[in-house]
Structure formats: structure tokens, C-alpha cells
Amino acid sequence: MSRSGADTEQHQPASEADATETTFRASEHQHIRYNPLQDEWVLVSAHRMKRPWQGQMEPPPLETVPRHDPHNPLCPGATRANGEVNPYYDGTFLFDNDFPALQPDAPNPGLSDHPLFQTEAARGVCKVMCFHPWSDVTLPLLSVPEIRAVVDAWASVTEELGAQYPWVQIFENKGAMMGCSNPHPHCQVWASSFLPDIAQREERSQRAYQNQNGGPLLMEYGRQELHRKERLVLTSEHWLVLVPFWAVWPFQTLLLPRRHVRRLPELTPAERDGAPTGSEAEADWDHWQLHAHYYPPLLRSATVRKFMVGYEMLAQAQRDLTPEQAAERLRALPEVHYRLGQKDRVTATIA
């Protein structure tokens, strides 16, 4: 089977001819979908949602988290592992990661002696950004001005590190399911001297699409999703939130600006929310569109996790429910954060 989006012809065995006579329904029949952004395929097997679940169940998140814990290294005034004492910050707080994966002064590994054993230099900076001084809140529970301060800080650090490094990656590993043992609201910022693999694939795909079609891939994709509507979750004057047609994770979403924006610092005050930065940003990057990926690890509910194992590790990505079903379920959720709803119910019970 060809793995190129430009050439998807497949030679079907004669035994498959009869299958074309059955009316195809994405919610019932397995099929593969192409991801033009990352040039890969995903197997969709929605009928597997009918099987009973006998696998691992995750414990519910902690009901209460202390607002301030002097032993939490991310709290204001706390002492971190390297002996540094945090200031008593009252907004965002950015500091160098005490255990960075990238350092700015790493030596060059030198020339490789064989094409099968290649190494290249990897330098960079890793930072941690706390969103808020309180440990018992998360980003969606902050006020709009507090969220805006976080977005402004993202844009600022992207501008600062992008002046020296070609890639600045902002990411949040949220919750114990994703390996985050610290409940304090924070993210990480890694700037690297190289373009990471996924960024390279997305750059190549967007550049190729622009060359072939005369416009940014994600701009056209956003227009198509607005027209089709079936995978949209939320829309506003400036943003789209949707479950991508090619989503791998069950409730994966993609955040897109409605207009062409290449980098975080280009967002207007009304928009404010990586893309290649630094020296490479001065080149022709009109094909690139700013976007954010959200990869919740959930499979069926808040306590059933999706594991990428077996077929996913050895062959290709696979998902159960369709992106259209996932978008429908997300649209049906209440707009009030579940923790705020819990507080309302507790208050009603006490009254």
C-alpha cells in the first residue's frame, strides 16, 4: 500500500470486491484515514467500541489539592531540588528546568564513522513556567485575565528563545495519567538547535501543500471543517476547536486561528495563544500555520485510558470511536467545568 497522500491507489484482492457492494458507514466499518499534516495513516475501527471493557481502570483525580504546600517545589517560597528558593510570585513564574533534557553548552559529538551510526549536536534550553501561585487550580479554572497573562508569557518566551534557537516547543503534561506527579499548574518550554521529527514532517507537508495548491494547508483545512461542521467542537470569532479527521487519540483536538498566523507573538491582543522561530523564521514560512495539539489519554471515560501498544507500536496508529463520534460527545458536554459543577452540588446539598 502506498503511504503517500498523493498516490493512494490500492490493489484489492478479488475477494474484497463484494465488500464494495455494502453501504459503507464510518461508524460501523473499519477504514484507514490519511493525516496530510504529518504524512501518516490511522486505522479507524469504530465497531470495537461494542466490546466490554475488562482492562485497567484509572483512579479518579484527587478531590482536594492543598492551595499551598511548602514541600511542593513549584509553590511560591518553596526550595527546589537544586537549593534555589522560588520567589513569592503572584502571577506566572518562569525558571530554568533543574534537570534539563537540553543544555546550551553540550559538546559536539564529532563526525560519524559509518552511515548507520550517525550523531549530531543537540543544544538548547529547557524552562518551566508556573501558570499561577495556587496548586489547586488548572488553566481552565483561571480567570480570563489570568489566562491572558499565561498566553502573553508564552508569546514572550517564544520571542526570547526564538531569537537563538530554530524551534521552541511549549507543552503541558497534565495529570497523573500523563506522568505528571506535581498537581501545580505549569508547563514546560524546550528550545532546541534542531527541528524535531514531528515538526520536520509538519513543515514538509505544509510547504508541499502550499507549493501545489497556493495556500496554507491548515487554512484550507479549517475552511473545510467550518463548512462540513461534523467535527467542530467550539468556534469563536478568532478560533476553531475540532477533532481532526485523522485524529489518533480518541478525544484529540486541534486548535486553529481563523486567520493566517505563523507564530505565537503574531497573535493580536484579541487572539493571544509552536511554529519555527529564530533564524529560520526570517525565511519563507508563509506555508506554516500556528496550531495547538491536545492529546487527552482517555479512551472511553475519565477512568479508562487509551494505551498505544501492540499494533500501534509495531504497525501504525489505531483508534476505536470515529472522530465524528468523539466531536459529538465533546459538543454535548456542559460548558461549566466539572469541578465548578461539583462545588455547586455540594453547596446545594449543604443548603
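Predicted model: local features only at pLDDT ≥ 70, side-chain atom pairs only at ≥ 80, totals over all residues.

Take Arg-33 and Glu-324, whose closest N and O atoms are 2.9 Å apart. Glu-324 counts as buried because its relative accessibility is 15%, and Arg-33 counts as buried at 4%. These two also belong to a network of salt bridges that links them with Glu-225, Glu-230 and Arg-231.

Another salt bridge joins Arg-67 to Asp-136, at 3.0 Å from N to O. It connects distant parts of the chain, 69 residues apart: Arg-67 lies in the loop between β2 (40–44) and β3 (93–96), while Asp-136 lies in the loop between β4 and α1. Here Arg-67 is partly exposed, at 41% relative accessible area, whereas Asp-136 counts as buried at 16%.

Now turn to the nonpolar side chains. The largest nonpolar core holds 24 residues, and Phe-131, Trp-154 and Leu-161 have the most contacts inside it. Two or more residues each come from β4 (124–130), α1 (144–162) and β6 (186–192), with α1 giving the largest share, seven residues. Beyond its neighbours within four places in sequence, Phe-131 touches several residues, including Gly-91, Leu-142, Val-150, Trp-154 and Cys-187. There is also a second, separate core of 10 residues, with Leu-37, Leu-240, Leu-242 and Trp-246 among them.

Definitions and conventions. Residues numbered from 1 in each chain as written. Heavy atoms only, no water. Core = buried A, V, L, I, M, F, W, Y, C linked by side-chain atoms within 4.5 Å. Buried < 20%, exposed > 50% of the residue type's maximum accessible area, 1.4 Å probe, protein only. Helix = DSSP H or I, 4+ residues; strand = E, 2+ residues; numbered from the N terminus. Contact = heavy atoms within 4.5 Å. Salt bridge = Lys/Arg side-chain N within 4 Å of Asp/Glu carboxyl O.
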